[in-house]
Amino acid sequence: MQHRKIGSSGLEVSAIGLGCMGLTFGYGPATDKADAIELIRAAYEKGVTLFDTAEAYGQVNEEMVGEAVEPFREKIIIATKFGFKDGNPRAGLDSRPERIRLVAEQSLKRLRTDCIDLFYQHRVDPDVPLEDVAGAVADLIKEGKVKHFGMSEAGVDAIRRAHAVQPVSALQSEYSMFTRDPEANILPLLEELGIGFIPFSPLGKGFLTGKIDAATTFGEGDVRSKLPRFADGAREANHNLVKLIGEIAQRKDATPAQIALAWLLAQKPWIAPIPGTTKLHRLEENIGGASVELTSADLGELSDVLAKVPVQGERYNAEMMKTVNR
């Protein structure tokens, strides 16, 4: 597995990380704890060094990550997040300094560690000045409880304000061939400020694997059942895009998912996506994306495909969109 320096903060991670959210949250029933721990440890054995969790995914998520990585804790990067009332996204935002400190203390215990490598603000809280948020994390860094400050789904102004108080090491936002919003303003800003980028949902919440089509249904507890991009008409239209990507993948002796990940890695040398999965064979497939080399001709062809077949439907519903790019 190749490693990448994420921005100018000294943070170095595997080119492909592991997003652990789906093990307990967002995509239906939680994975059995023993199976989840086995998957996380398999990821490490295959070269993954970045493991992403959050208070909002349920305390069991942090606990299983902490237990899984304990044998090799010093060799990996743990990222977790704060920012919701009582850790519950449905309850609203809460990035008050006292809440940030409480979340840090609780996360340290659940993760079985004395320092959080990368501590993200999960969403920008309009009721708490960014200067106060960054200042609270800066205090935790001075105390040795946190190494790096991150933000998630933040807009240009918010990133600049926070970065002026405590340098932001990484931004985590949605970015893929399915969601290219960051290209206009966010990527140039990150390059200017020396901030790394950790794209979540790099496979378009599963769509770019090629396994979702017009006939696909989503079970109870699966967030995709509420997203416009996965509604009936949009799902059928978007499958046409994935078919074209699949044709390129076939010629490269790769899978659509591997092409999607290789495309992301080719955008900037300081990007490290964190695909999530609950299955070992998918983990191996995703890691294989780091070995796929896309030529300038390949990238040009993919650019043409993306221009000809625009993605249909918003990535989030109206309520969820209110919390991003603030």
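The model is predicted: local features need pLDDT of at least 70, side-chain atom pairs count only at pLDDT 80 or more, and totals for chains, interfaces and linings use all residues. Residues are numbered from 1 along each chain as its sequence is written, and side-chain values use heavy atoms, with hydrogens and water left out.

**Ala-254**

- Ala-254 sits in the loop between α7 and α8 (256–267); helices (H or I, at least four residues) and strands (E, at least two) are DSSP runs, numbered from the N terminus.
- Leaving aside residues up to four places away in sequence, Ala-254 touches Ala-249, Ile-259 and Val-292, where contact means heavy atoms within 4.5 Å.
- Ala-307 is 53 residues from Ala-254 along the chain, and their C-alpha atoms are separated by 22 Å.

**Asp-222**

- Asp-222 belongs to the loop between β9 (196–197) and α7 (232–251).
- Its relative accessibility is 6%, so Asp-222 counts as buried.
- The side chains of Asp-222 and Arg-224 are joined by a polar contact of 2.8 Å (a pair of N or O atoms within 3.5 Å; within protein, one must be able to donate a hydrogen and the other to accept it, and residues adjacent in sequence count only if both atoms are side-chain atoms).
- Not counting residues up to four places away in sequence, Asp-222 touches Gly-26, Tyr-27 and Gly-28.

**The sheet**

- Seen in order, β3-β4-β5-β6-β7-β8-β9 form an open sheet of 7 strands with parallel pairing; two strands pair if DSSP finds at least two bridges between them.
- β3 (18–19) and β9 each have a single partner strand at the edges, so one side of each is left without a neighbour in the sheet.
- Strand β8 (residues 168–172) runs parallel to β9, and 2 bridges join them.
- Ala-170 has Gly-196 in β9 as its bridge partner.

**The second largest pocket**

- The second largest pocket holds about 220 Å³ of space (a pocket is an open set of points on a 1 Å grid over the protein atoms alone where a 1.4 Å probe fits, with protein on both sides within 12 Å along at least five of seven lines; lining residues have an atom within 4 Å of a point).
- This pocket is lined by 15 residues, and the closest to its centre are Asp-181, Pro-182, Ile-186, Arg-315 and Asn-325.
- Helix α6 (residues 182–193) gives the largest share of this lining, 4 residues.

Methods
Buried means under 20% relative accessible area, exposed over 50%, partly exposed in between (1.4 Å probe, protein chains only). Grid points are joined across faces, edges and corners, and a volume is the space filled by probe spheres set on the points.
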